[in-house]
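I opened this model to look up its surface charge, its salt bridges and its backbone exceptions. My entries follow in the order I made them.

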Amino acid sequence: MQKQKTKMTDSTIEALNKKLDRLIEAVARLAPPPVPQTDLGGADCFVWQADPGYLEPVRKVNRVDIGLIRGVDRVRDILVDNTERFASGYAANNVLLWGARGMGKSSLVKAVHAAVNASAKLDLPLKLIEIHREDIDTLPKLMALLKAAPYRFILFCDDLSFDHDDTSYKSLKAALEGGVEGRPANVIFYATSNRRHLLPRDMIDNERSTAINPSEAVEEKVSLSDRFGLWLGFHKCSQDEYLNMIDGYVRHHGLAIDPETLRAEALEWATTRGSRSGRVAWQYTQDLAGRLGKSLQD
């Protein structure tokens with residue numbers, strides 16, 4: 001009888017252990033995965049993943065050589081100079097690149113970053129971190145992660161703008177220059193936008209017409225762009241600049257085509273698109289390479 005009782009007890013304990021194991025597995029599946037550890041020395045470019053809060057390395061960056069970005073020579077030189085000064089530990093400004101679509105604003109940021117790192121003048125490489133527009137309110141969290149690092153960082157937000165009911169622009173204002181601590185000395189912010197003041201014109205006009213004190217209401221909103229010490233404007237390119245862009249791409253990728261045919265096709269392509277820009281020039285080059293049976297991958 002005692003042996004049977006012991007046997008039943010052992011069987012019961014074994015069943016309970018199995019149930020406990022299944023319960024532990026279920027609870028473990030509900031728990032959030034551990035936050036990956038960021039190795040800042042493992043790459044020069046990262047993407048900020050706000051949830052759970054780590055920097056994802058980018059092994060192959062989607063960018064073009066700085067020599068292929070045409071028609072923006074003046075703003076290119078200004079951005080290179082500002083970036084070199086920052087990378088060397090000197091004073092530099094936050095930068096807003098604004099203006100016409102497709103004129104190479106984001107391409108220029110990535111190209112300048114690569115060019116500065118390739119200059120071999122730095123003790124440590126400059127890091128580029130892309131932050132998505134919807135994660136702007138997590139900037140304080142990201143800056144807290146970076147401020148003790150030995151590297152210098154460009155925080156880059158592409159196509160930054162704010163809509164009517166969006167109040168996250170206040171987080172950006174505080175992160176750039178406000179707050180008790182202010183922006184860490186090893187961090188600078190670059191942004192691109194189609195809007196000079198980052199806010200839609202009708203939003204500014206509405207504030208001006210409905211507020212008790214219109215000037216103060218407008219000032220609150222447009223002062224965001226004042227946090228950027230450099231405003232670099234990008235404007236629609238001329239026909240000659242457009243053709244020069246295409247010529248640069250064709251030469252760089254070794255595409256064999258008669259110059260007169262190239263000119264005629266390029267102009268027709270721009271006409272069908274209704275615009276001339278660096279993006280349109282690149283799209284024509286892709287089409288041409290495909291027709292010639294060529295790949296544009298470097």
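Predicted model: local features only at pLDDT ≥ 70, side-chain atom pairs only at ≥ 80, totals over all residues.

Entry 1, charge patch. I found R101, K236, R273 and R279 gathered in a surface patch of positive charge. A patch here takes residues with over 30% relative accessible area and no salt bridge, joining like charges within 9 Å and nonpolar side chains (Val, Leu, Ile, Met, Phe, Trp, Tyr) within 5 Å. Lys and Arg count as positive and Asp and Glu as negative, with His and the chain ends not counted. I took each charge to sit at NZ of Lys, CZ of Arg, CG of Asp or CD of Glu. I placed R273 in helix α9, residues 259–273. R273 is partly exposed, at 43% relative accessible area; buried means under 20%, exposed over 50%, and partly exposed in between, with a 1.4 Å probe and protein chains only.

Residues are numbered from 1 along each chain as its sequence is written, and side-chain values use heavy atoms, with hydrogens and water left out.

Of its 298 residues, 39% count as buried. The chain exposes about 17100 Å², and carbon and sulfur atoms supply 50% of that. The areas come from the Shrake-Rupley method with a 1.4 Å probe, and for residues only the protein chains shown count as cover. Among contacts with a separation of 6 or more, 74% are between residues 24 or more positions apart, a contact being heavy atoms within 4.5 Å.

Side chains of opposite charge can pair when their charged atoms come close. I counted 7 salt bridges, each a side-chain nitrogen of Lys or Arg within 4 Å of a carboxyl oxygen of Asp or Glu.

I looked at D247 and R251, whose closest N and O atoms are 2.9 Å apart in a salt bridge. Both lie in helix α8 (residues 239–252), 4 residues apart, about one turn of the helix. D247 is partly exposed at 27% relative accessibility, whereas R251 is exposed at 65%.

I then checked R291 and E265, a salt bridge with 2.8 Å between the closest N and O atoms. R291 lies in helix α10 (residues 278–291) and E265 in helix α9, so the pair ties together parts 26 residues apart in sequence. R291 is partly exposed at 47%, and E265 is partly exposed at 23%.

Salt bridges that share partners join D73, R76 and D77 into one network. Within it, D77 and R76 have their closest N and O atoms 3.1 Å apart.

Most residues other than glycine have a negative phi, and most peptide bonds are trans. Which peptide bond is cis, with omega near 20 degrees? I found the one from D51 to P52, and P52 is in the loop between β1 (45–49) and β2 (54–57). D159 has a positive phi, near 55 degrees. D159 sits in the loop between β5 and α5 and is partly exposed at 48% relative accessibility.

Is F162 buried or exposed? I read 0% relative accessible area for F162, so F162 is buried. F162 is in the loop between β5 (153–157) and α5 (169–176). F162 and R195 are 33 residues apart in sequence and 9.6 Å apart in space, C-alpha to C-alpha.

Conventions: Helix = DSSP H or I, 4+ residues; strand = E, 2+ residues; numbered from the N terminus.
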